[in-house]
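This report looks at one helix and its surroundings, and then at pairs of charged side chains. Please keep the structure open while reading.

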Amino acid sequence: RVITSLLGLGGLLLTYFFVKRFFGGLAAFFAVSLLATDITYVILNRTDRGPTAIMTVCKTGALFLFLLWWQGKKAWPLVAGAFMLGLGLSDKLNFLHFIAALSIASLLAGGKVLLVRLRRPATFGAALSFLIAAAPFFYFHAAFPSAFRQLWGESVSKKSTVFGEVSADPASNLRKIADLAERTLSGRDELGWILGRHVATSWFPFVLALAWAILLIILVSPRRSEILNLRRVTFIAVIMAVILIALVATPHARFSNHFFMIYPFPHIFVAAVFTGAISRAFSRRGPLALAATAALSVAIGLTVFSNLRGLFEFHREIAADRVDRHWSRQVDLLADFLRSRPSATAVCLDWGLYSNLGFLLRGEVRLEERLDLRPGDPGSLQNLRDLFLLPDAYYLFFAPGLEEAQFACVKEAFHEALGVCGYRAVKVSLPSVPQTRSIYEVVQVEPLAARRAAD
């Protein structure tokens, strides 16, 4: 996690450099303070779930480099920025959201001047740089031309996964993305995913709503141009809007790592609007102006405080689990147990155990994962019925209290299928670490008829 954490730190530094050049030092301080303590930003860049860490640097790096090119006369920042866009696309398909958003916002802000500058020879070098960095993306889709069609066609037609409904209906997705926005910006999605329970979360969604309200007030002011650089604020707002539209049009976008593509623009937007309002209020002086300055500063401070409170809860829980559960040692013992049974099949009904065991076992034991099981689903029932016929099969779950909520329906489908198919679960006794709480459960299945005959 050191590398992904360093990438997250790089994203913070690049955000600071970009915002400082674009909106000034105070806005850069506010933006980085909000981003560095953002619960979702910290956790996703700590674990790289998604993945997210590389694209953070690609987004912020491209922004800073393109700004250097726009404000200067040298061509290398344009070439380097294009390389960052290509690298981000190779990292994750939905980086297309950011590329589209940046292109539209840049055309609206730069207009004819931008088009004239892009006619220079450096643009050819930038295009080549982009193609080199994005080569893995283009190679994959050339080698597997059906992958994109399956992602947007066949999987959408199934319309259900363990993670929830997949829909191509914009109205349905709009409601889903609106809820996802609150869960991501508040940190509730990540904390709930890891801790499995509700904890106090960030005030940032309220501060973002306040920033939009302040912007609307500024827009109706006759002196709006004296308060904000509206063209630059609009540039950030357009990027956010296009990414949101793209998310609504993407059937599979339903987790914080998908919504994370909009980062760090909400934080930059809040910083820019608050800085403009504070600077205007402070220049006018007077009790009302000073009160407004204090109120906005307190809003930033309370948001940072609420972020730190959520992160403290997260780290305290993780530290307690490391002491009380000895995660790595228990997974090592489970891998050793399975390794001693080379003819076994381990069926992981949770993604975390599957990914860890896959790394440790390296093909020594047949390893399966079933994350698309749903209670009452005929396909899931048939899938499990076939698995029950496998000899020497072990079914792995997270222990109660640790099971991620997204996989609860998988466990429910498993136990439902036991009754329907005439089987019972038999808990397997495994080597354990003394005086620790278990992180997993392992069971085998046997026909009820066999049990009755034995009795």
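## Helix 21

Helices here are DSSP runs of H or I with at least four residues, numbered from the N terminus. The model is a predicted one. Helix 21 covers residues 408–421, which makes 14 residues. From its first C-alpha to its last, helix 21 reaches 20 Å, close to the 20 Å expected at 1.5 Å a residue. Just after helix 21 comes Gly422, with a positive phi of about 80°.

The buried residues of helix 21 are Cys409, Val410, Lys411, Ala413, Phe414, Ala417, Leu418 and Cys421. In an α-helix, residues three or four places apart point the same way, because there are 3.6 residues a turn. The buried residues of helix 21 pack against helix 20 (378–388) and against strand 5 (393–398), strand 6 (423–427) and strand 7 (440–447).

## Salt bridges

The whole structure holds 10 salt bridges. One of them joins Glu364 and Arg339, with 3.1 Å between the closest N and O atoms. Glu364 sits in the loop between helix 19 and strand 4, and Arg339 in helix 18, so this pair ties together parts that are 25 residues apart in sequence. Glu364 is partly exposed at 42% relative accessible area, and Arg339 is partly exposed at 29%.

Glu368 forms a salt bridge with Arg370, again at 3.1 Å. Glu368 is buried, at 18%, and Arg370 is buried, at 16%.

Glu446 and Arg424 meet in a salt bridge at 3.2 Å, N to O. Because Glu446 lies in strand 7 and Arg424 in strand 6, the pair links parts 22 residues apart in sequence. Arg424 is partly exposed, at 30%.

Notes:
Residues are numbered from 1 along each chain as its sequence is written. This is a predicted model: local features need pLDDT of at least 70, side-chain atom pairs count only at pLDDT 80 or more; totals for chains, interfaces and linings use all residues. Side-chain values use heavy atoms; hydrogens and water are left out. Helices (H or I, at least four residues) and strands (E, at least two) are DSSP runs, numbered from the N terminus. The expected span of a helix is 1.5 Å times one less than its number of residues. Buried means under 20% relative accessible area, exposed over 50%, partly exposed in between (1.4 Å probe, protein chains only). Contact means heavy atoms within 4.5 Å. A salt bridge is a side-chain nitrogen of Lys or Arg within 4 Å of a carboxyl oxygen of Asp or Glu.
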